[in-house]
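Here is a short report on a model with protein chains and DNA strands. The structure comes first, and the description follows.

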2 protein chains.
Amino acid sequence: MESNKIPQATAKRLPLYYRFLSNLRQQGKSRVSSKELSEAVKVDSATIRRDFSYFGALGKKGYGYNVEYLLGFFRKTLDHDELTEVALIGVGNLGTAFMNYNFTKNNNTKIVMAFDSDAEKAGSHIEGIPIYHIDELEEKLGDIKVAILTVPGTETDSVTERLVDQGITGILNFTPARLNVPEYVRVHHIDLAVELQALVYFLKHYPLVAEES
Amino acid sequence: MESNKIPQATAKRLPLYYRFLSNLRQQGKSRVSSKELSEAVKVDSATIRRDFSYFGALGKKGYGYNVEYLLGFFRKTLDHDELTEVALIGVGNLGTAFMNYNFTKNNNTKIVMAFDSDAEKAGSHIEGIPIYHIDELEEKLGDIKVAILTVPGTETDSVTERLVDQGITGILNFTPARLNVPEYVRVHHIDLAVELQALVYFLKHYPLVAEES
DNA sequence: AACTATTTGTGAATAAATTCACGACATTTT
DNA sequence: AAAATGTCGTGAATTTATTCACAAATAGTT
């Protein structure tokens with residue numbers, strides 16, 4: 001894989017760049033400098049240029065970057081032409097929020113089915129996405145490789161095991177638990193309570209500037 | 001502020017450690033080694049020891065760490081004795097998920113009020129938390145310093161400005177926008193679409209191990 | 001055509017975070 | 001009481017990420 005040389009920190013910013021570039025195109029802008037983009041995405045302009053440079057010379061000195069060209073380039077790099085199908089596990093408030101969120105706009109990912117342990121929900125649809133009972137997981141999952149996990153804490157471990165058994169290799173985990181998965185499965189954690197606490201900690205211990213009158 | 005010397009990466013892990021230590025206590029464990037904790041939180045044991053060491057010598061050689069002592073220490077360090085009040089802006093599915101989430105269990109943060117632009121929702125409660133109309137923001141906010149932003153993209157900028165005007169200094173931002181705030185306001189972004197895309201990108205470009213039969 | 005203003009791409013410097021590896025000490029076992 | 005084992009705390013090495021700063025090139029201007 002040639003893209004092994006791209007730093008992880010850079011890779012994480014790519015989707016962000018992509019979205020803001022899409023916005024710019026929609027606004028009719030055909031050119032952008034690293035400085036302008038920097039102000040929009042709040043990433044240092046040198047970092048942006050460095051990030052882009054891992055993919056070669058995408059810009060032009062004295063001019064900046066051509067929005068259309070950059071978008072085309074990243075569309076390929078981010079595989080935006082092929083849709084990645086995603087399953088959502090746990091149709092509570094958080095899960096429902098995801099289903100309503102229109103991921104496919106500006107995106108290459110789409111939630112195509114959801115599961116819940118509540119028999120009441122099974123059989124219904126949200127935004128056209130079918131909800132199955134969790135017992136049907138093995139039957140319905142097919143060759144989906146990515147799952148969003150928004151179940152309550154108690155069910156986490158057993159569901160995770162079943163997902164892995166069915167061939168899931170990527171999990172976006174919103175539960176507070178740390179998942180036990182084989183090493184070939186990638187898990188990204190988004191821990192809402194931790195994020196909130198960390199923010200509060202930073203506010204108290206890392207004041208940015210003395211607030212002025 | 002003496003804790004200026006603690007690396008940010010360490011600070012972000014503290015709430016995580018705290019939660020897992022609480023779990024251990026609940027399980028009746030009175031002692032834990034960095035190796036055991038490492039397996040639970042999925043952080044390298046050397047990193048854990050390094051993190052703890054910024055606060056002094058909290059453990060005992062040949063023994064490990066005393067769970068109770070560690071918890072007591074972090075309770076003070078993380079200001080777990082004082083409750084930080086938080087306002088939530090935008091009572092959609094995502095916002096509702098937060099309100100149902102019991103942040104105060106094992107936590108020092110509490111959502112004490114919510115706002116929404118939907119007049120229907122104003123006046124009601126979720127989990128005992130009052131929901132006000134967004135027009136009442138200035139009137140009701142009081143001296144709350146932290147806000148969770150879960151509004152649709154269109155309202156983001158104007159709401160942010162009003163929050164800052166009212167003295168908010170920390171924002172947990174779930175909208176896709178990058179906020180324009182004075183430099184003394186700390187914003188943490190959680191960008192759901194970006195997280196999902198980044199996961200997909202890593203799966204394709206950074207395979208962890210060839211999946212074995 | 002000459003001049004000025006921009007802006008990239010990157011080598012080098014710096015900063016931040018992780019990981020190695022081991023001496024020192026405490027605990028446990030025999 | 002001695003030996004064996006376990007575990008911390010940390011100096012040093014390494015890795016990863018960011019930022020500086022400037023030559024080179026282009027674009028725009030007069």
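## DNA strand C

The surface near DNA strand C divides into 10 nonpolar, 9 polar and 9 charged residues. Here Ala, Val, Leu, Ile, Met, Phe, Trp, Tyr, Cys and Pro count as nonpolar, Asp, Glu, Lys and Arg as charged, and the others, Gly among them, as polar. In total, 28 residues lie around DNA strand C, and A:Gly59, A:Gly62, B:Pro7, B:Lys61 and B:Gly62 come nearest. A residue is near a molecule or strand if its C-beta atom, placed from the backbone, lies within 6 Å of it.

Both chains contribute elements. Helix 2 (34-41) and helix 3 of chain A, with helix 1 and helix 3 of chain B, each supply at least two residues of the surface near DNA strand C. Helix 3 of chain A gives the most, with 5 residues. Helices (H or I, at least four residues) and strands (E, at least two) are DSSP runs, numbered from the N terminus.

## Basis of the model

This is a predicted model: local features need pLDDT of at least 70, side-chain atom pairs count only at pLDDT 80 or more, and totals for chains, interfaces and linings use all residues. Residues are numbered from 1 along each chain as its sequence is written, while chains are lettered from A and ligands numbered from 1 in the order in which they are written.

## DNA strand D

DNA strand D is surrounded by 28 residues, the closest being A:Pro7, A:Gly62, B:Ala57, B:Gly59 and B:Gly62. Two or more residues each come from helix 1 (8-26) and helix 3 (45-53) of chain A, and from helix 2 (34-41) and helix 3 (45-53) of chain B. Helix 3 of chain B has the largest share, 5 residues. The surface near DNA strand D holds 10 nonpolar, 9 polar and 9 charged residues.

## Two copies

A rotation of 180° with 0.0 Å of shift along its axis superposes chain B on chain A, with an RMSD of 0.1 Å. That is the relation of a two-fold axis.

Across the interface, 55 residues of chain B are in contact with 55 residues of chain A. Contact requires C-beta atoms, placed from the backbone, within 7 Å. Helix 8 of chain B supplies the largest share of its side, 14 residues. That side of chain B divides into 30 nonpolar, 13 polar and 12 charged residues. Of the interface residues of chain B, 98% are also interface residues in chain A, so the copies meet through the same surface.

## The sheet of chain A

Chain A has an open sheet of 7 strands in the order 5-6-4-3-7-8-9, with mixed pairing. Strand 5 (125-126) and strand 9 (186-189) stand at the edges, each with a single partner strand, so one side of each is left without a neighbour in the sheet. Helix 5 (residues 93-100) packs on the sheet, touching strand 3 (84-89), strand 4 (109-116), strand 5, strand 6 (129-133) and strand 7 of chain A. Two strands pair if DSSP finds at least two bridges between them.

Strand 7 (residues 146-149) and strand 8 (residues 170-173) of chain A run parallel, joined by 4 bridges. There A:Ile148 stands opposite A:Leu172. Strand 4 and strand 6 of chain A are also parallel, over 3 bridges, and A:Asp116 has A:His133 as its bridge partner. Strand 5 and strand 6 of chain A run antiparallel, with 2 bridges. These two strands form a hairpin with 2 residues between them, and A:Glu127 in the turn has a positive phi of about 55°.

Key:
Contact = placed C-beta atoms within 7 Å. Axes fitted to C-alpha atoms, helices over the stretch in contact; angles between N-to-C directions. Least-squares fit on C-alpha atoms with pLDDT ≥ 70 in both.
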